[in-house]
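Work through these exercises with the structure in view. Try each task before reading its solution.

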Amino acid sequence: MSSIARLTAAAAAAGVVAAAIALPAVGGTGAMFVGASEDLGIKPEELKEPPLAERTTVLDAKGNEIAWFYEQYRENVTLDQVADVMKKAIIAIEDYRFYEHGAIDIEGTMRALAKNLASGGIAQGGSSITQQYVKQVLLNSATTDKERNAALEASYARKLKELRYAMAVEEKYTKDQILEKYLNIAYFGAGAYGVEAAAQRFFGVSASELSLVQAATLAGAVQDPNATDPNLGKKHRAKLLDRRNVVLARMAELKKITPEEAEEAKAKKLGWKNIAIPGGCSSSKYPYFCMYVRNEILSNSDFGKTAKAREQFLNRGGLTIKTTIDPKMQKAAERAIKKHVFASDNPVASEALVQPGTGAIKAMAASREYGTNKRKKEMSFNVVADATHGGGVGFQAGSTFKTFTLLTALKQGMKINDGFTVGSGYRAPYYSSFKNCKGENIADPTHTVTNDEGGGGFKSLATGTWGSVNTFFMMLEQKVGLCNVVKTAKDLGIERSDGQPLQEYSTFTLGINEMDPVTVANAYAAIGARGKYCAPMAITSIKDRNGKVTNYKPKCKQVIDPEVTDAAANILSGVFTKGTMRGVGGIGRPAAGKTGTTDSQATAWFAGFTPDLAGAVSIGDPRGAVTHKLNNITIGGRYYGSVFGASIPGPIWKDTMIAALKGVPPTNFTPVNTSKFGGCGSSCQPQPRQPVEPQPGDDDGGFDIRIGGDD
């Protein structure tokens, strides 16, 4: 019996049809193998080829790339985008008769089979490029460890299955198509999948620009990419260099290059450039916004029913995601923060800008870089956003929450100049004077609230807001109802940064809940949009790998009567001229806002808006705001005895808004309906008549509301 016949018999006995699948039946050995396949019923089996994992590209509002997401760093290319020398190199070393044989190379397979039978196992592959493509498809399609192990199993059963698939692939595609698919799916090491990613990663060039030395290096890497991974050290690079030279020698042997070209190429260094893999939020120029986008997709059911589906959609989908971030406004926020707070400072300043009427996030910036380098004080979480979007616990929002009490009072029919006399301290008159939304009595008559900003006396909605008078807002909250204030805040999208339920205590109006700038800015944007709340929006469209575009519209609803927000905007605009921001001043166009300072200056805020743009700025120490307060401290190279909302957050907001809105025509606020709300708020100085009424803390807890000025 001939050696080939003995091998064939042994292979059949082992349950393997070793060769003739898809070989031309031209007599001799070929005819024998075709007959064997037919006798055993070996037929092509359709290979399921799910799309390869491709990178997702994130764009800003102007179409500029700002980040990549991927499970595998890969960029698919067509065969004409690959250098000819790369095609020659990979074919020479992996399957030199690729264009001549069918699904398998009979000569290579017979050599491998002889060695395998002698060793009693799978000692040599002998796989064609088509078979290797099939193996990579099975490996990339695996979703469980069992499936991955099956794709890599060293068994004749696995080889037989691959051969059946290879037969179908050869029937379905041309040789050029198969080579293109193989070059795009193959792993080359160093985290690079596909020839284009490998060319960029190894040498910083595209696949079309590969030289002989570079092509031979990549062709050598595919056999055992982990053993020759140049990113793993000198020993691995030495193995890759040896493997490159084997490829060059083989190319010369097959007369694809001359011996002289081979020797000249062998004399050159490896040329490994170690180009960093692009993508991910750590390398984005807008890392905090990048984190927001990533977490928005991973947490939002609009992008997939399950967490796993959303992750695959993002990291494997080859998407192009267009976002809301505006480069001009982002730069304005970054420059303003940098001007007032240094990255080396212990406190961190962060800012978000949101567009009224859409909820579009236009900027997210912080005083520190994103990263894990503690020595550089980098932030490892999204300090600008909530926990759902990669953030932390946030900072107490302070007096920015007084705005929600103001809105509630206006909703209940109070007028701009209505008010009452308050003292320098406030105690709840009895336990039932405050009820949370469960109807529970939560007042603490033993606790006295004092004024950090503004004194006592008669205060109207306008003057109490301008002076940010704590005792006034405690009395106002008591009058309008704590739960009603909480509901107003919730209607404007207020949720705790850490995702926990809002703390509904009597001091709710003083901003005891930890917040993030995106949430606060978005709430104030709804006031700027005349009571139209829109969910924060970061993504405007997604184009899939096939070019299908899905557009995303703002999710908005009217939550407050527009005339109520007009009155609130009128009062809040006086903060710049008659209130806590008068020392900072306005921005040269209609604007409104509210400072926020927490107890003993633990944190400080400013939130403000125009009809065109809203923003919120916070500053606090991430080591723990309560234990690391903003007193007797140097920030941005300047010493502060105590930091208030107008000390740092206010100026940051002002500088940001002036630059961000440069060239944007100013929009006026809608005038107040004076027949409904009376007074003139920020447009004139009211002349209050002093009423006689119960003092805060009196047992009856009564209110004698008086008109503080002309209606």
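**Exercise 1. The whole chain**

Task: Find what share of the 711 residues of the protein chain counts as buried.

Solution: 
1. This is a predicted model.
2. Of the 711 residues, 56% count as buried.
3. The secondary structure comes to 23 helices and 24 strands.
4. Residues 24 or more positions apart account for 71% of them.

**Exercise 2. A pair of helices**

Task: Determine how helix 11 and helix 12 are oriented to each other.

Solution: 
1. Locate the two elements. Helix 11 spans residues 234-253, and helix 12 spans residues 259-266.
2. Look at their axes. They come within 9 Å and cross at roughly 170°.
3. Apply the cut-off: angles over 145 degrees count as roughly antiparallel.
4. Helix 11 and helix 12 are therefore roughly antiparallel to each other.
5. List the residues in contact. Helix 11 brings Arg244, Asn245, Leu248, Ala249 and Ala252. Helix 12 brings Pro259, Ala262, Ala265 and Lys266.
6. Sort these residues by class. Six are nonpolar, one is polar and two are charged.

**Exercise 3. One leucine**

Task: Decide whether leucine 240 is buried or exposed, then find its contacts.

Solution: 
1. Leucine 240 sits in helix 11.
2. Its relative accessible area is 0%. Buried means under 20%, so leucine 240 is buried.
3. Leave aside neighbours within four places in sequence. Leucine 240 is then in contact with Phe202, Thr217, Ala221, Thr228, Pro230 and Leu270.
4. Take threonine 217 from that list. Threonine 217 and leucine 240 are 23 residues apart along the chain, yet 7.0 Å separates their C-alpha atoms.

**Exercise 4. A covered helix**

Task: Count how many of the 10 residues of helix 16 are buried.

Solution: 
1. Helix 16 covers residues 402-411.
2. Go along the helix. Lys402, Thr403, Phe404, Thr405, Leu406, Leu407, Thr408, Ala409 and Leu410 are buried.
3. That gives nine of 10, and helix 16 is mostly covered.
4. Look past the helix. Glycine 413 follows, and its phi is positive, near 100°.

**Exercise 5. A pocket**

Task: Describe the lining of the second largest pocket by residue class.

Solution: 
1. The second largest pocket holds about 810 Å³ of space.
2. Its lining has 37 residues. Tyr292, Glu296, His389, Ala535 and Pro536 lie nearest the centre.
3. Two elements give two or more residues to the lining: helix 13 (287-299) and helix 20 (517-528).
4. By class, the lining has 17 nonpolar, 10 polar and 10 charged residues.

Definitions and conventions:
Residues are numbered from 1 along each chain as its sequence is written. This is a predicted model: local features need pLDDT of at least 70, side-chain atom pairs count only at pLDDT 80 or more; totals for chains, interfaces and linings use all residues. Side-chain values use heavy atoms; hydrogens and water are left out. Axes are lines fitted to C-alpha atoms, for helices over the stretch in contact, and angles run from 0 to 180 degrees between N-to-C directions. Helices (H or I, at least four residues) and strands (E, at least two) are DSSP runs, numbered from the N terminus. Angles under 35 degrees count as roughly parallel, over 145 as roughly antiparallel, 65 to 115 as roughly perpendicular and the rest as oblique. Contact means heavy atoms within 4.5 Å. Ala, Val, Leu, Ile, Met, Phe, Trp, Tyr, Cys and Pro count as nonpolar, Asp, Glu, Lys and Arg as charged, and the others, Gly among them, as polar. On a 1 Å grid over the protein atoms alone, a cavity is a set of points where a 1.4 Å probe fits but cannot get out, and a pocket is an open set with protein on both sides within 12 Å along at least five of seven lines; lining residues have an atom within 4 Å of a point. Grid points are joined across faces, edges and corners, and a volume is the space filled by probe spheres set on the points. Buried means under 20% relative accessible area, exposed over 50%, partly exposed in between (1.4 Å probe, protein chains only).
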